[in-house]
Amino acid sequence: MTLQADSAAAAAPPDSTTSNGVVPVLEETLQPPSPPPPQPLPSTPPPELRLPIWWPEDGNISMDWVENLMLCFDWCSWNLPPSELPSVLPVKVLDSLILVGSKMLHKEPNCVTIDPFRPSADDNSPSVASVAVVGDVHGQLHDLLFLLRDAGFPSRDRIFVFNGDYVDRGAWGLETFLLLLAWKVFMPHNIYLLRGNHESKYCTSVYGFEKEVMVKYGDKGKHVYRKCLGCFEGLPLASIIAGCVYTAHGGLFRSVTVTPSKRFKGKKNRKINVNHDSKILSLGTLEELTKARRSVLDPPWEGPNLIPGDVLWSDPSKTPGLAPNKERGIGLLWGPDCTEEFLKKYQLKLIIRSHEGPDAREKRDGLDRMDEGYTIDHTVDSGKLVTVFSAPDYPQFQATEERYNNKGSYVVLEPPNFDNPIFHGFSAVTPRPKVNAYYDFEEVIDSDEELDLASMVTS
């Protein structure tokens with residue numbers, strides 16, 4: 001399959017206003033076109049591809065560069081063995097992309113403020129952009145390519161927020177992450193990449209990304225993997241869109257009490273008191289979120305730096321209150337009362353999180369299944385909590401004959417209020433290129449439960 005470059009904007013989504021206030025959902029699920037079956041390995045790539053990919057001399061990548069990267073990754077997935085990826089994307093080019101992208105990400109705050117209202121070039125009336133929020137994509141490159149083209153590429157009028165989990169389980173995690181990183185470098189204020197729980201050393205060592213990188217880059221694999229981990233550490237944890245929408249991969253988080261103590265030798269000593277008793281857990285504040293230390297390979301499940309783990313691993317519940325997330329062994333479960341408290345305190349209208357695919361949701365009593373790529377989990381006085389999952393027909397590799405056959409979805413937030421989510425569902429691109437899994441999917445659980453926490457690094 002060869003993806004044709006086309007930078008034209010997609011058609012605007014349907015109007016978000018309804019007379020009865022019900023959250024609108026597209027009536028028709030978008031069906032991506034089926035690609036032609038792959039042909040035998042060609043001796044040379046098609047002339048429209050510029051291979052190998054180069055790094056611009058001035059260090060500034062262009063739309064043409066990003067579109068060529070998309071085309072090359074797509075063609076490579078169909079026509080070259082994974083070990084030939086360095087002939088398409090040399091290590092030096094990969095290093096340059098990660099270096100620039102990582103610097104950008106590390107400079108962003110833990111919770112990114114996204115303002116869709118932009119000053120106009122002629123200083124007259126400001127322009128306003130719609131915002132697309134995307135959930136887990138898990139290395140399903142071809143579905144991501146379809147999603148980008150369906151929603152319309154990032155532009156002045158279209159902002160993207162990706163809610164994490166770019167890698168693992170799917171066979172093209174590296175290409176998926178690098179493509180999104182390239183978009184970030186090209187349009188840093190029009191695409192925002194948040195961290196998921198799979199952007200960690202532990203998950204990538206279990207669910208395939210580490211092995212994927214080793215297979216694709218051979219003796220340079222360890223170097224490439226370390227570069228990716230360093231970049232993952234810089235991914236922000238959350239965002240606030242238009243002052244009314246909070247997004248994060250897992251969701252809400254606990255408060256960590258910080259008590260000043262006596263100074264010693266001119267240094268500020270701070271005593272960290274963390275309450276592990278579920279009876280006295282309380283919601284954390286955005287101020288606490290901004291002060292959390294996110295640059296850890298694996299977010300801790302114990303100790304003073306619990307907020308990153310909560311933000312990445314927590315799940316909603318129908319049961320009121322906060323409680324430890326015993327199924328996952330890390331993070332929290334929070335009820336509708338906590339959603340209402342958080343929304344009301346910060347005058348928000350909507351929480352968009354991801355983190356749960358069809359495999360996880362089939363084990364969650366009281367919560368809707370992830371068949372359509374989204375669920376509305378809490379509806380409270382102040383607004384809603386929704387989960388969006390953007391990897392259709394997930395997981396790519398499944399041990400059972402019966403597949404989930406779930407749809408993927410992404411959310412569009414439209415001006416002027418940005419608080420009424422429009423869900424765009426889509427089916428998986430089929431067929432997928434033939435490729436082997438990079439992890440033992442028959443033995444490894446798919447829903448991140450019962451983690452071997454002792455092997456996680458608490459750096």
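In this predicted model, three strands form an open sheet in the order β11-β13-β12, and their pairing is mixed. The edges of the sheet are taken by β11 (315-316) and β12 (322-324), each of which pairs on one side only. Between β12 and β13, the latter spanning residues 332-334, the pairing is antiparallel and runs over three bridges. One place to look for this pairing is L322, which stands opposite W334 in β13.

Is G335 buried or exposed? Its relative accessibility is 0%, and because buried means under 20% relative accessible area, G335 counts as buried. The surroundings of G335 can be listed by name: leaving aside residues up to four places away in sequence, G335 touches S317, T319, P320, G321 and H378. Of these contacts, T319 can also be described by distance, for G335 and T319 are 16 residues apart in sequence, while their C-alpha atoms are 5.1 Å apart in space.

Attention now turns to a pair of helices. Two packed helices are described by the angle between their axes and the distance between the axes. For helix α3 (residues 91-107) and helix α8 (residues 221-233), the axes come within 9 Å and cross at roughly 15°. Angles under 35 degrees count as roughly parallel, and α3 and α8 are therefore roughly parallel to each other. The crossing in which α3 passes α8 is left-handed. Which residues of α3 and α8 meet? On the α3 side they are V91, L94, D95, I98, S102, L105 and H106, and on the α8 side they are H223, V224, K227, C228, G230, C231 and E233. Sorted by class, this contact of α3 with α8 contains seven nonpolar, four polar and three charged residues.

How does A242 stand in terms of accessibility, buried or partly exposed? With a relative accessible area of 27%, A242 is partly exposed, since that class lies between the limits of 20% and 50%. The contacts of A242, again not counting residues up to four places away in sequence, are I114, P116 and F418. A242 can also be placed relative to D419: these two residues are 177 residues apart in sequence, and from C-alpha to C-alpha they are 9.0 Å apart in space.

Terms used. Residues numbered from 1 in each chain as written. Predicted model: local features only at pLDDT ≥ 70, side-chain atom pairs only at ≥ 80, totals over all residues. Heavy atoms only, no water. Pairing = 2+ DSSP bridges. Helix = DSSP H or I, 4+ residues; strand = E, 2+ residues; numbered from the N terminus. Axes fitted to C-alpha atoms, helices over the stretch in contact; angles between N-to-C directions. Parallel < 35°, antiparallel > 145°, perpendicular 65-115°, else oblique. Left-handed = near helix turned anticlockwise from the far one by under 90°. Contact = heavy atoms within 4.5 Å. Nonpolar A, V, L, I, M, F, W, Y, C, P; charged D, E, K, R; others polar. Buried < 20%, exposed > 50% of the residue type's maximum accessible area, 1.4 Å probe, protein only.
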